[in-house]
Amino acid sequence: MTTELHTELPVAEPDRVRRAFVALLLSERTRVGIAVALRVAAAGASTAAPLLMGRMIDTLVAGEGVGDIDALATGMAAAIAAAVALTWLASFTANRVGEHLSARLRERFVEQCLRLPLHTAEQAGAGDLMTRASVDVPQSGNLIRDALPKAAVAILTALVYIGAMVWVNAVLAICMLLAVPLIAIGARWYLNRARAGYLTQARAESRSGEALTATAEGARTAELYRLEQDRIAHGDTTIAVHWAANRYTLYLRSIYFLTLESSYVLPASAVLVLGGAMYFNGMVSLGEVATCAVLSRQVMTPLNFLLMMVEWLQRGFASFARVEGVAAIDTEDEATAEATPIDGTVELRSVHFAYPTGPEVLHGVDLKIPAGERLAVVGPSGAGKSTIARLVSGIDAPQQGRMTIGGVDVASLPLGDRRGHVTLVTQEHHVFTAALRDNLTLAKPDATDTELAAALATVGATWADDLDAELGGTAQELDPAAAQQIALARIVLADPDVVILDEATAMLDPRAARDTERALAAVLKGRTVIGIAHRLHTAHDADRIAVIEDGGLAELGSHDDLLRANGPYARLWNTWHGTSV
Ligand SMILES: Nc1ncnc2c1ncn2[C@@H]1O[C@H](COP(=O)(O)OP(=O)(O)OP(=O)(O)O)[C@@H](O)[C@H]1O
């Protein structure tokens, strides 16, 4: 079952979020510019109607001709038609830009996940990455596609309306300021709490997702060890935390929206009261009061919308910070190769290693494996064999000492280069839902069909005669031995100097295991091979055997030498064969 001792993936700092967001917008600067210009034009057209209405009232009050009224009414109709057409065009353009940007964001997220160091992904657990992919990426997409264009539209529209009010009568425009204190207090209270609230909510969602995934994946184990009640209790706890986090953000919203609702009534009432007094004192015309009253109501629509959107924006930016957090790992972990490995010599020098969640597992291991040697690593369960495999393949780096391939620190090799020098083969082989060709070219993107066919022939995959055959998912189901052959064919294509086999054939039935081992022999020829031998008969055929006990190298030598030495290996061997020394 998946261990839940996870280190969460980071969340990007506000500064990084700002920079990433601006960079994303600038990547579509022309389209963004056109959308903004169209929106300003649309807002300009919609202020024309109240302005013309004011003129119309003043014309009527002055008792001027019907011809002027007709002209003003035609102008109003034209302004309204232009506003509708421009608003539609502006929304259409903004939506298109939003779609482009959110597609870019999704593609970047997938690339970042694929580049993620394996140990980081493992420590984060499936739940965190899954929630970021399934909740935060779509929510960031919503932010870019819907929330942000709408917010920008609302800001621009409100500014144009306020500008028009100031132009008509600056004193009446000042009435708008009455709404400011209430809105400012409400927004400040809300914004001070919202980011933390939404980040906690997203984290709680990840954890409850993680708990449910782990329970579903390990259902059989839970049943076997009668852990059902523990798992249910654990699920209940994470869901309760999630529920509490949701309730908290709901509480924030309910207080915030109440403040907003109350703040809208004030400015419109003030315009009417003050405007009436000014009119009776001959300071403004009736038309100006009517225009300002309509505009003060009109400006509240985008302002109201904008303030409601703060919550949506907060949630969107909290998600964006989580998506961008994955990119931050890439930058931190980017390795820089100091040189290229000269051959497949593997060397561990005084290697110490501890997992983040536990005590030291390897206590100063010294081991040199010359290029082309087949080394078997044996030892009791929990001794540290798989940990050595992880270090050699660069999944983890030692905290002390050096781990080199061909004279170069494995951790300093960029991920792409590392895969070309060392490959870890375990019993888990993922066959992607894709054509056989795509499943193979993962290892060598520019491989020709002839190379792919040769690689399949090397591993004895006689069943694979159609490179376009769809595999995985609901398509052709492969048996474990065939999946293993695909994995081995990938090694032939990747052509690494060093291959590590960790329980590569342990899950196969004996006949399939024999076939696979035959295929393996062809694949491994000429490479340095480190085989983690859980069954001793595979150790017997190796050039040398390293016995690991309690995180240290207990013995090193050929099978015959070690049997003669009558030490830990001889004891393991005799136990394996059921004989005593
Ligand atoms: N991801 C991990 N986080 C924390 N501790 C771990 C992790 N993986 C392994 N360990 C611990 O490290 C120690 C060495 O484990 P390792 O898997 O290397 O042993 P092994 O010799 O390969 O055992 P086995 O033959 O049972 O696979 C064990 O005590 C194990 O519990």
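This is a predicted model: local features need pLDDT of at least 70, side-chain atom pairs count only at pLDDT 80 or more; totals for chains, interfaces and linings use all residues.
A crossing of two helices is called left-handed if the near helix is turned anticlockwise from the far one by less than a right angle, and right-handed if clockwise. The protein chain holds 19 helices and twelve strands, and 38% of its 581 residues count as buried. Among contacts in the protein chain between residues at least 6 apart in sequence, 80% join residues at least 24 apart.

**Helix 6 and helix 8**

- Helix 6, which covers residues 179-217, packs against helix 8, residues 228-263, at an angle of about 165°, and their axes are 8 Å apart.
- Because angles over 145 degrees count as roughly antiparallel, helix 6 and helix 8 are roughly antiparallel to each other.
- The residues that form the contact of helix 6 with helix 8 comprise 17 nonpolar, 15 polar and four charged ones.

**Helix 2 and helix 3**

- Helix 2 (residues 29-61) and helix 3 (residues 66-115) pack with their axes 7 Å apart and at an angle of about 160°, which makes helix 2 roughly antiparallel to helix 3.
- The crossing in which helix 2 passes helix 3 is left-handed, and the contact of helix 2 with helix 3 has 26 nonpolar, six polar and five charged residues.

**Helix 14 and helix 15**

- The axes of helix 14, residues 449-458, and helix 15, residues 480-494, come within 8 Å and cross at roughly 125°, and helix 14 and helix 15 are therefore oblique to each other.
- Helix 14 passes helix 15 in a right-handed crossing.
- On the side of helix 14, the residues E451, A455, L456 and T458 meet A489, V492 and L493 in helix 15, and by class the residues of this contact divide into five nonpolar, one polar and one charged.

**Surroundings of the ligand**

- The ligand is surrounded by 13 residues, of which the closest are Y355, S381, K385, S386 and T387.
- Helix 11, which covers residues 385-392, gives the most to the shell around the ligand, contributing three residues.
- Sorted by class, the shell around the ligand consists of three nonpolar, nine polar and one charged residues.

Definitions and conventions: Residues are numbered from 1 along each chain as its sequence is written. Helices (H or I, at least four residues) and strands (E, at least two) are DSSP runs, numbered from the N terminus. A residue is buried if 20 or more other C-beta atoms lie within 10 Å of its own, exposed if 12 or fewer, and partly exposed in between; C-beta atoms are placed from the backbone. Two residues are in contact if their C-beta atoms, placed from the backbone, lie within 7 Å. Axes are lines fitted to C-alpha atoms, for helices over the stretch in contact, and angles run from 0 to 180 degrees between N-to-C directions. Angles under 35 degrees count as roughly parallel, over 145 as roughly antiparallel, 65 to 115 as roughly perpendicular and the rest as oblique. Ala, Val, Leu, Ile, Met, Phe, Trp, Tyr, Cys and Pro count as nonpolar, Asp, Glu, Lys and Arg as charged, and the others, Gly among them, as polar. A residue is near a molecule or strand if its C-beta atom, placed from the backbone, lies within 6 Å of it.
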